[in-house]
Amino acid sequence: MISINGNCYDNYNDIPKDLIQALFLNPIFEFQLRWESTKIIFWEQSYFLMMSQLRRLKISIPMEYNLDYFVSQIKILTNKKSNDPYLINLNFATLSKPFKDNSHPDLITSITINQIDSIQKTNNPKNNKLSVFNERIIIDNDFSSITYTQRSLYQVALVDALENNYTDNIIINNNNKII
C-alpha cells in the first residue's frame with residue numbers, strides 16, 4: 001500500500017497520473033525511517049530533521065504535517081498492530097516546478113513501507129564488518145546531509161562495501177563527520 005498526501009492506494013496503477021509524474025519529475029528529497037516494535041526509531045529527531053530540510057529548501061510546509069500526522073499515516077500502512085519491522089520511505093516532491101507566479105508549488109508526500117529484518121535479530125554479529133568511506137569532496141554544509149543530493153555517493157559507497165566484503169559503510173565528509 002502507498003500513501004500520497006493522506007490518500008491510500010493499493011498499487012501504483014491506482015495513483016493519478018499527475019501525482020506520479022510530479023514524484024518523478026519534481027523530487028525534493030527522500031527520507032528513510034525504521035519501524036520496530038510498533039514505533040518509529042528516533043522519530044522526533046528524524047521529524048525535526050525532515051522539517052528543517054524542507055525549510056532549508058524553501059518549501060512551503062502544510063500545517064497538518066506534524067508528528068501525529070506522519071505517525072497516523074504510517075500506522076495505516078503498517079496495519080496499526082503489526083509488530084513486523086519496516087523500512088519507511090518518505091518521498092517529497094512538488095506538484096510543479098517553481099515559477100514566477102507560483103514560487104511555492106504544492107508539496108506531495110509519498111509514504112511507502114517495505115518489510116525488513118529486525119535489527120534486534122542478528123544471525124551472526126561476529127560477521128558484520130563496517131568500513132569508513134571518506135569522501136573529501138563532500139563539504140560540511142547545510143546541504144551535505146540531504147540524501148537526495150548525495151544519491152550517487154551512496155551508490156559508490158555501497159559498491160565499495162561489496163567489493164571489500166564489508167556489511168556496510170559509514171560515510172564521512174571533509175571534516176570527518178558522519179553524513
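**Aromatic pairs, a salt bridge and a strand residue**

Tyr 47 is buried, at 10% relative accessibility. Buried here means under 20% relative accessible area, exposed means over 50%, and partly exposed lies in between (1.4 Å probe, protein chains only). The model is predicted: local features need pLDDT of at least 70, side-chain atom pairs count only at pLDDT 80 or more, and totals for chains, interfaces and linings use all residues. Residues are numbered from 1 along each chain as its sequence is written, and side-chain values use heavy atoms, with hydrogens and water left out.

The structure holds 10 aromatic pairs. Tyr 47 and Phe 48 form an edge-to-face pair, with 5.3 Å from centre to centre and 70 degrees between the planes. Rings of Phe, Tyr and Trp (its six-membered ring) pair if their centres lie within 6.5 Å. Planes under 30 degrees apart count as stacked, those over 60 as edge-to-face, and the rest as tilted. The Tyr 65 and Phe 70 rings have centres 5.2 Å apart and planes at 70 degrees, so this pair is edge-to-face. Tyr 65 and Phe 70 are both buried. One aromatic cluster takes in Phe 29, Phe 31, Trp 43, Tyr 47, Phe 48, Tyr 65, Tyr 69, Phe 70 and Phe 92.

A search of the whole structure finds 1 salt bridge. The term requires a side-chain nitrogen of Lys or Arg within 4 Å of a carboxyl oxygen of Asp or Glu. Arg 34 and Glu 36 meet through their side chains at 3.2 Å, N to O. Arg 34 is partly exposed, with a relative accessible area of 23%. Glu 36 is buried, at 5% relative accessibility.

The protein chain has 4 helices and 8 strands. Helices (H or I, at least four residues) and strands (E, at least two) are DSSP runs, numbered from the N terminus. Along the sequence the pattern is β-β-α-β-β-α-α-β-β-β-α-β. Strand 6 spans residues 107-115 and contains Thr 112. Thr 112 is buried, with a relative accessible area of 12%. Neighbours within four places in sequence aside, Thr 112 is in contact with Ile 2, Tyr 12, Leu 77, Leu 87, Ile 88 and Asn 89. Contact means heavy atoms within 4.5 Å.

Buried residues make up 36% of the 179 residues in the protein chain. Of the contacts with a separation of 6 or more, 69% join residues 24 or more positions apart. The protein chain exposes about 11,400 Å², and carbon and sulfur atoms supply 51% of it. Accessible areas come from the Shrake-Rupley method with a 1.4 Å probe; for residues, only the protein chains shown count as cover.
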